[in-house]
Amino acid sequence: MSGPSLAEINHAAAALKGRVIETPVLPLASARWNGVLPDCESVTVKLELFQQAGSFKARGVYLGLSQLDDAQRAAGVVAASGGNHALAVSWAAQAAGLDALICMPRAVDPSRIQGCEALGATVQLYDDMAAAFAAMNDAADAGRTLMHPFEGEHMTLGSAVCGAEYYAQAPQIDTYVVPIGGGGLISGMSCAIKQLNPKATVIGVEPFGADSMYRSFEAGAPATLDRVDTIADSLGAPYAMPYSYSVARENVDCIVRVEDAELLNAMNHYQRILRITAEPACAASLAAVLGPLRNELAGRHVGIIACGSNISISRYAALMGDLAQ
């Protein structure tokens with residue numbers, strides 16, 4: 001097995017207890033969902049958007065920072081991100097008493113910049129993500145510890161804690177539908193779930209415009225995209241990487257892809273029915289259940305995850321305007 005063992009997952013869960021939130025699960029069972037959901041036996045959502053810093057990433061980032069030695073703590077950390085990872089690193093660094101430098105593209109949602117600064121991080125803006133990553137690498141070369149957004153044992157381990165938590169909260173689930181950006185979430189969740197329930201099915205979801213893991217599964221090795229084109233910026237990893245790919249390949253049954261329009265439709269359902277303001281990535285699991293998986297889920301107990309929701313009202317309104325058109 002290439003991912004963390006149950007013993008390692010349980011140890012990490014103990015380390016995270018009281019530091020992160022045991023996020024709630026909600027059965028989508030009210031009459032308001034009639035005619036929306038497919039003919040499943042049940043659908044349950046884990047509301048990871050209520051996690052510290054607004055996304056699942058807080059778990060893995062906190063574990064990573066807790067492993068730093070005194071010299072690394074003194075030098076601080078650096079990350080490049082346009083969204084959830086930036087906020088998670090800012091939060092975890094503040095919680096651990098460390099200095100954090102966050103490199104972000106200028107075009108990022110201003111609420112995310114403000115959120116990082118409110119958590120005590122120093123934010124530097126660059127013309128695009130490539131320049132932000134170059135600046136991150138320079139800062140790492142100068143001595144800061146680089147916190148990668150998805151590739152790393154601590155990121156997979158944090159997500160495995162989330163997967164084990166979900167299994168304990170809703171053991172009836174037999175089919176899990178999990179979003180994929182770079183692979184940090186699905187590698188950990190699938191690794192935990194398959195150890196706890198080997199008969200469970202784990203399905204990944206990617207946007208057509210950012211399907212690096214789908215292509216990696218087809219190629220049999222981590223793949224790189226020529227370009228990323230999706231409204232789901234939190235799922236917009238331009239490549240897969242060896243560790244998270246290998247754990248996912250071992251434990252994920254298949255990957256489906258969704259159109260941006262399907263993400264918008266799922267966002268609308270979350271807002272209309274649950275009054276949840278979901279960013280596109282947060283709605284990916286629901287989009288897959290309502291779209292490409294709709295005819296495959298009859299009789300199944302389905303578990304989806306609302307993975308995070310760091311989006312400004314202005315950005316959300318603009319996206320919903322696209323749906324209205």
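Helices are DSSP runs of at least four residues, numbered from the N terminus. I keep that convention throughout these entries on a predicted model.

**Entry 1: Ser187**

I began with Ser187 and located it in helix 8, which spans residues 184-196. Is Ser187 buried or exposed? Its relative accessibility is 0%, and since buried means under 20%, Ser187 counts as buried. I then looked up its partners. Beyond residues up to four places away in sequence, Ser187 touches Thr156, Ser244, Val247 and Ala248. With one of these, Thr156, the side chain of Ser187 forms a polar contact of 2.8 Å.

**Entry 2: helix 9 against helix 10**

I turned next to a pair of packed helices. Such a pair is described by the angle between the axes and the distance between them. For helix 9 (residues 212-219) and helix 10 (residues 242-251), I noted an angle of about 70 degrees and axes 11 Å apart. Helix 9 is therefore roughly perpendicular to helix 10. I recorded the crossing of helix 9 and helix 10 as right-handed.

Which residues meet where helix 9 packs on helix 10? Helix 9 brings Met213, Ser216 and Phe217, and helix 10 brings Tyr245, Ala248 and Arg249. By class, I listed 4 nonpolar, 1 polar and 1 charged residues in the contact of helix 9 with helix 10. Ala248 was already in my notes as a residue that Ser187 touches.

**Entry 3: Leu225**

I followed the chain into the loop between helix 9 and helix 10, where Leu225 is found. Leu225 has a relative accessible area of 8% and is buried. With residues up to four places away left out, I found Leu225 touching Gly209, Ala210, Asp211, Ser212, Arg215, Ala237 and Pro238. For Pro238, I also noted the separation: Leu225 and Pro238 are 13 residues apart along the chain, and their C-alpha atoms are separated by 5.3 Å.

How many of the residues of helix 2 are buried? I recorded 9 of the 10 residues of helix 2 (residues 57-66) as buried, so helix 2 is largely enclosed by the rest of the structure. Among the buried residues are Lys57 and Arg59, as well as Val61, Tyr62 and Leu63. I then asked what covers the buried residues of helix 2. The cover includes helix 1 (6-16), strand 2, strand 3 (77-80), helix 4 (84-96) and helix 7 (153-169).

The axes of helix 1 and helix 2 come within 11 Å and cross at roughly 90 degrees. Helix 1 is therefore roughly perpendicular to helix 2. Ala12, Ala15 and Leu16 of helix 1 make the contact with Arg59, Tyr62 and Leu63 of helix 2.

**Entry 4: Leu37**

I placed Leu37 in the loop between strand 1 (25-27) and strand 2 (42-47). Leu37 is buried, with a relative accessible area of 15%. Residues up to four places away aside, Leu37 touches Leu28, Val43, Leu286, Leu290 and Arg294. I also looked up Gly291, which is 254 residues from Leu37 in sequence and 9.8 Å from it in space, C-alpha to C-alpha.

**Entry 5: Thr145**

My last entry concerns Thr145, which lies in strand 6 (residues 145-146). At 15% relative accessibility, Thr145 counts as buried. Which residues does Thr145 touch, not counting those up to four places away in sequence? I listed Leu68, Gln72, Gly76, Val77 and Val78.

Key
Residues are numbered from 1 along each chain as its sequence is written. This is a predicted model: local features need pLDDT of at least 70, side-chain atom pairs count only at pLDDT 80 or more; totals for chains, interfaces and linings use all residues. Side-chain values use heavy atoms; hydrogens and water are left out. Helices (H or I, at least four residues) and strands (E, at least two) are DSSP runs, numbered from the N terminus. Buried means under 20% relative accessible area, exposed over 50%, partly exposed in between (1.4 Å probe, protein chains only). A polar contact is a pair of N or O atoms within 3.5 Å; within protein, one must be able to donate a hydrogen and the other to accept it, and residues adjacent in sequence count only if both atoms are side-chain atoms. Contact means heavy atoms within 4.5 Å. Axes are lines fitted to C-alpha atoms, for helices over the stretch in contact, and angles run from 0 to 180 degrees between N-to-C directions. Angles under 35 degrees count as roughly parallel, over 145 as roughly antiparallel, 65 to 115 as roughly perpendicular and the rest as oblique. A crossing is left-handed if the near helix is turned anticlockwise from the far one by less than a right angle, and right-handed if clockwise. Ala, Val, Leu, Ile, Met, Phe, Trp, Tyr, Cys and Pro count as nonpolar, Asp, Glu, Lys and Arg as charged, and the others, Gly among them, as polar.
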